[in-house]
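Visitor: Please take me in for a close look at a single part of this protein. I would like to see what surrounds it.

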Amino acid sequence: MTNTNHSLPKGTSDEHYTPKELFITLGVKFDLDVAAPVGGSGIAPNWFDKNTDGLSQKWYGNIWMNPPYSNPTPWVQKFLDHGFGIALLPITRGKWWDGLWEKADAIVPLSYNYKFDRPDGLPSKPIVFRTALYAFGEENAKALYKIGTKVR
């Protein structure tokens with residue numbers, strides 16, 4: 001999603017894409033990418049991008065969510081309410097994180113040097129904070145076990 005929050009440092013944005021290799025490893029079929037780049041990501045046959053505002057749309061099926069990290073709270077709440085999918089989000093002390101910790105069927109942290117894809121296709125630097133995958137649903141939890149151990 002594009003940065004609309006002008007409080008982020010100059011030259012940064014919420015436009016960070018999940019590497020395709022992660023989806024190959026997971027082997028999960030997603031029905032909907034709720035926070036896709038404009039034009040979709042190829043992760044799911046259906047998507048919402050910043051132009052269609054995934055937060056205001058009805059979510060359905062098994063979803064993938066890598067939302068804008070500048071304001072994850074409403075995204076996480078809708079993800080918790082939906083209850084079926086996988087999300088990629090930071091590990092944080094934010095209140096929204098408590099709901100994920102309490103309710104997720106599986107949580108797997110990614111490596112400290114995890115790199116997102118950049119919109120311009122150039123190599124990215126490792127991110128400066130820890131992220132994890134959060135799964136709801138048995139199929140999604142099993143997929144996370146392929147790449148790590150449930151952390152509780």
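Guide: Keep in mind that this is a predicted model. Start with helix 4, residues 138-145. Helix 4 lies across strand 4, strand 5 and strand 6. Its direction runs at about 145° to strand 6.

Those strands belong to an open sheet of 6 strands, in the order 2-1-3-4-6-5. The pairing is mixed. Strand 2 (46-47) and strand 5 stand at the edges, each with a single partner strand, so one side of each has no neighbour in the sheet. Helix 2 also packs on the sheet, touching strand 3 (63-65), strand 4 and strand 6. The direction of helix 2 makes about 160° with that of strand 3.

Look between strand 4 and strand 6. They pair in the antiparallel sense over 6 bridges. Ala87 stands opposite Tyr134 in strand 6.

Now turn to helix 3. Trp96, Trp97, Gly99 and Leu100 are buried there. Seen down the helix axis, the buried residues fall within an arc of 155°, so they line one face of helix 3. The face turned away from that buried side carries Lys95 and Glu102, both exposed. What do the buried residues of helix 3 pack against? They meet helix 2 (73-82), strand 4 (85-90), strand 5 (106-109) and strand 6 (131-136).

Finish on one residue of helix 3, Leu100. Its relative accessible area is 0%, so Leu100 counts as buried. Val76 is 24 residues from Leu100 along the chain, yet their C-alpha atoms are separated by 7.8 Å.

Notes
Residues numbered from 1 in each chain as written. Predicted model: local features only at pLDDT ≥ 70, side-chain atom pairs only at ≥ 80, totals over all residues. Heavy atoms only, no water. Helix = DSSP H or I, 4+ residues; strand = E, 2+ residues; numbered from the N terminus. Buried < 20%, exposed > 50% of the residue type's maximum accessible area, 1.4 Å probe, protein only. Arc of directions from axis to C-beta. Contact = heavy atoms within 4.5 Å. Pairing = 2+ DSSP bridges. Axes fitted to C-alpha atoms, helices over the stretch in contact; angles between N-to-C directions.
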